[in-house]
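The following note sets out points for a colleague to consider when reviewing the structure shown below.

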Amino acid sequence: MQEVIDSNVLESMDFTYEQLVDLKAALDKTSIVAVTDRTGKILKVNDQFCEISKYSKEELIGQDHRILNSGFHPKSFFKEMWRTIGSGETWQGEVCNRAKDGSLYWVKTTIVPFLDDTHKPQQYISIRTDITAQKNIKKIAHIAYHDDLTGLPNRRSLTRRIESEIENCRRSQKEFALFFFDVNRFKNINDSLGHKIGDLFLKELANRLKQIDIQTNSFYRLNGDEFVYVLEDVKLIYEMADKILEVFKESFIFEKYEFYASVSLGVSIYPEHGESITKLLKTADIAMYVAKAKKGNSFSIYKKKMRGTNDRFLLLETKLHKALRENTLDLHFQPKYKLQTGELAGVEAFIRWTDEELGQMKPEQFIPFASQCGLIQDIDQWVIINAAKRMVALQAIVPADFKMAVNVSVDSIKEADFIASLTAILTSTKLNPKQLEIEISELSMLDTDSQLIEKLHQIHALDITISIDDFGMGYSSLNYLREIPISSLKIDNAFTQHLNLVPANAKMIAAIVSLANALNLQVVAEKVENGEDLAILKELKCAYVQGVYLNEPLTFEALVSYLKSIK
């Protein structure tokens, strides 16, 4: 973006060079200012210039602006800029620069030439303002609403889309269709060919889906190999289903591997098969599992009395009951560190379930179902009991302030016998309650009531620590932070990623740290994936951190070995 301003406009303002230098001084506190000679060599810079560029005045004086070149703009961009200011005209534009530490920043720039007696430029004054945040709005939105691997819109984006479609269809009395599909035996691709090939496959699949998208941005990746397509014209259901199935008729080739894949596709229609995103996904999921029974590439449209529609849910419920009864669930442990010192502070326990027939089930695949069928309280109790036993087994090799954190649903906490059950677990396992930490999701605090607040105070009275998980995603009133006895806020990983690329995320964390300090709370950053984000979190005075960059979740045996190695 460039704009040329006729220098006569400036001349009509009747400013002398000295007066404009005075103006520069007035702008110093709020603007980024530099003075260069006719060749572009830097003569003066203000403190704001040094702050944003990360260079000292000594490093900048005598250099030209190539020291800040980010490589973002083509040579023609600067050629046109010099042509403009060299002819005595003022230039305006938006420039992407690179700071000394390698970070990029954007400045809106005005360069004013000052002419000598021959009406040729002898010096230039540039006045800049930082517009990095505005330039990153689109990038932030893209990261928040798109899948990192495939570039497709994600679950958050799908939720917004479905809400919009439902609102439009309510007004117009029309229908729309939701396609839900996954890749048959995708786990085999990952296990036999490796996750690298699995990722390449998903990216290629996304590219193929984009090519058949007749509406643009209507394919969504939920997680893993699960995808959704939203079709506004239900008359095209069969045509679109054929297009999706056709995608899998050609082989996939990556490196030395060539293979074929197939897909099972389920379709639900609004409002006949559901009037909410949850119901539409559920009915489409049922239809998809009916399609799986047909083997190979196939699709099914949901029917209320579809044969076998309840089979999968009955199977899942039966298997979950069996897993609880036979104690075949497992726990993995994510270490948590004191960020400023690097000391190990504790671990978070995650439930894992591997079934011989269903394979490895992710928590997001069976926990929501467990809530629906009334098993969530049993699962939460299993997690607390087994985490407590593991913590007791670790006491000989960990410090006294080491904590074991577990996620517990609000539904479980609200149960009439939860406190009695929790007390019994502490007694039977002989666990010091100060070594147990209960995490509850901030989203669940949207339904805060007096019953829940009272239960949380009772948990606190047992000397058990309480933390808020996924903080920043609940969009709820912050009043509950004053009403419940919590010790820490665990920032949702949507804000702990891409901190160098998305300054707004860093600013959000800084604000949360400030809020936490005011309330005497600690801040935990979760799912940290790289050293750059870790360093920025340390600068922002985050208290605790966990994530795959520091440690993958460990089995109990691996955790014990690790603790002994660092003791």
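1. In which helix is the place of R156? R156 belongs to α7, the helix that spans residues 155-172. Its relative accessible area is 30%, so R156 counts as partly exposed.

2. The model under review is predicted. Its secondary structure consists of 21 helices and 22 strands. Of the 567 residues in the protein, 48% are buried. The accessible surface amounts to about 28,700 Å², and carbon and sulfur atoms account for 51% of that area. Where contacts join residues at least 6 apart in sequence, 62% of them link residues at least 24 apart.

3. The largest nonpolar core contains 79 residues. Within this core, the most contacts are made by L394, V406, F418, I438, I459 and L489. Helix α14 (residues 376-394) contributes the most to the core, namely eight residues. Leaving aside residues up to four places away in sequence, F418 touches I384, V408, S412, I413, I438 and I459. There is also a second, separate core of 35 residues, with L231, L245, V247 and F299 among them.

4. The second largest pocket holds about 850 Å³ of space. It is lined by 27 residues, and those closest to its centre are K54, D101, S103, N500 and P503. Two or more lining residues come from each of α3 (47-53), β5 (104-115), α6 (132-145), α19 (503-518) and α20 (531-539). Sorted by class, the lining comprises 14 nonpolar, six polar and seven charged residues.

5. K54 is placed in the loop between α3 and α4 (57-60). With a relative accessible area of 44%, K54 is partly exposed.

6. A positive phi also occurs at N520, a residue other than glycine, where the value is near 60 degrees. N520 sits in the loop between α19 and β21 (522-525). Is N520 buried or exposed? N520 counts as exposed because its relative accessibility is 69%, and the cut-off for that class is over 50%.

7. The peptide bond from Y270 to P271 is cis, its omega being near 0 degrees. P271 lies in the loop that runs between β12 (263-270) and α11 (277-292).

Key:
Residues are numbered from 1 along each chain as its sequence is written. This is a predicted model: local features need pLDDT of at least 70, side-chain atom pairs count only at pLDDT 80 or more; totals for chains, interfaces and linings use all residues. Side-chain values use heavy atoms; hydrogens and water are left out. On a 1 Å grid over the protein atoms alone, a cavity is a set of points where a 1.4 Å probe fits but cannot get out, and a pocket is an open set with protein on both sides within 12 Å along at least five of seven lines; lining residues have an atom within 4 Å of a point. Grid points are joined across faces, edges and corners, and a volume is the space filled by probe spheres set on the points. Helices (H or I, at least four residues) and strands (E, at least two) are DSSP runs, numbered from the N terminus. Ala, Val, Leu, Ile, Met, Phe, Trp, Tyr, Cys and Pro count as nonpolar, Asp, Glu, Lys and Arg as charged, and the others, Gly among them, as polar. Buried means under 20% relative accessible area, exposed over 50%, partly exposed in between (1.4 Å probe, protein chains only). Contact means heavy atoms within 4.5 Å. Accessible areas come from the Shrake-Rupley method with a 1.4 Å probe; for residues, only the protein chains shown count as cover. A nonpolar core is a set of buried Ala, Val, Leu, Ile, Met, Phe, Trp, Tyr and Cys residues joined through side-chain atoms within 4.5 Å.
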